[in-house]
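Q: Can we go through this one together? I have the sequence and the model open and would like to start with a term.

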Amino acid sequence: MDRWNNKFAIVTGASSGIGLELVKALVKNNVNVFGLARRMEKMEKLKINLKNERGEFYPIKCDLSNEGDILTAFRWIEENFKTIDILVNNAGITTSEFLIDSTAENLKNILDVNLIAPIICTREAVRIMRANNIDGHIIYINSMSGHRVPFWNNTTFNIYSPSKFALKQMSELTEMKLKEAKNCTKVTTIFPGLVKTEMPPDDLFGQTSFIDPEDICNAIIYALKTPPHVQIKELTITPLAGYERK
């Protein structure tokens, strides 16, 4: 991780789950992290807990379904710190409704957070990276639901799966456009299986295998540690089938 010593990262969805654990991991590795999320009180508590670590944590209140909030956050970062080296598009939401029963508001909100927000964040991060002649790293936290539609307890989790499938194609598009722009920023997509966060239904964890947010963070650190000529394009991380957690 020496390459990223005292560099700057943005992590979306930093107030819980994978995002929160990733903030901890990066700050402990001497990376300065900007956390984007709505729940400022949780990020402020995290900031206090990390005050003696090597890197710094800067919580920024941001509704990722709102383009204005995203642009304001990036503008503040650019004005005060000039550059960005790492972007982790982690935030994601879903609902338990069937698609055919869903409201347009819920459909739009899922797409705004799971797909449009990563597109806007990627656009702004790449713009700043190119302006500063930086070869950075963009990471998309996808899902196994980006490969197949999940079904649990009579729900398919609305359009979560289609939004993640589209995000997979977004990562391909990002890589292609960076190559066209002759920028050597890496692009990595992580496909986790079931992760123990607050998003899935609680009863799901008692009936099937799962992994922890820290497991995903370890994979992200692994991808970041690769030398400049190596790109981890995709990583699939799932629980070991049949393994019973103690």
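A: Start with burial: buried means under 20% relative accessible area, exposed over 50%, and partly exposed in between (1.4 Å probe, protein chains only).

Q: Is N30 buried or exposed, then?
A: N30 counts as buried, because its relative accessibility is 15%.

Q: What sort of model is this?
A: It is a predicted model, in which local features need pLDDT of at least 70 and side-chain atom pairs count only at pLDDT 80 or more, while totals for chains, interfaces and linings use all residues. Residues are numbered from 1 along each chain as its sequence is written, and side-chain values use heavy atoms, with hydrogens and water left out.

Q: Back to N30. Where is it found?
A: N30 is in the loop between α1 and β2. Helices (H or I, at least four residues) and strands (E, at least two) are DSSP runs, numbered from the N terminus.

Q: And what is N30 in contact with?
A: Leaving aside neighbours within four places in sequence, N30 contacts W4, N5, N6, K7, R54 and G55. Contact means heavy atoms within 4.5 Å.

Q: New topic: K82. Where is it found?
A: K82 sits in the loop between α3 and β4. Its phi is near 75 degrees, a positive value in a residue other than glycine. K82 is exposed, with a relative accessible area of 59%.

Q: What about phi of N133?
A: Phi of N133 is near 55 degrees, again a positive value in a residue other than glycine. N133 lies in the loop between α4 and β5 and is exposed, at 72% relative accessible area.

Q: How do α3 and α4 pack?
A: Helix α3 (residues 67-81) and helix α4 (residues 104-131) pack at about 25 degrees, with their axes 10 Å apart. Axes are lines fitted to C-alpha atoms, for helices over the stretch in contact, and angles run from 0 to 180 degrees between N-to-C directions. The two helices are therefore roughly parallel to each other (angles under 35 degrees count as roughly parallel).

Q: Which residues of α3 make the contact?
A: E67, I70, L71, F74 and E78 of α3 do, and the α4 side includes A117, I120 and C121.

Q: Last one: which residues touch the most other members of the largest nonpolar core?
A: V23, L26, V33, I216 and L224, out of 36 residues in that core. A nonpolar core is a set of buried Ala, Val, Leu, Ile, Met, Phe, Trp, Tyr and Cys residues joined through side-chain atoms within 4.5 Å. A second, separate core has 29 residues, including C62 and I70.

Conventions:
Angles under 35 degrees count as roughly parallel, over 145 as roughly antiparallel, 65 to 115 as roughly perpendicular and the rest as oblique.
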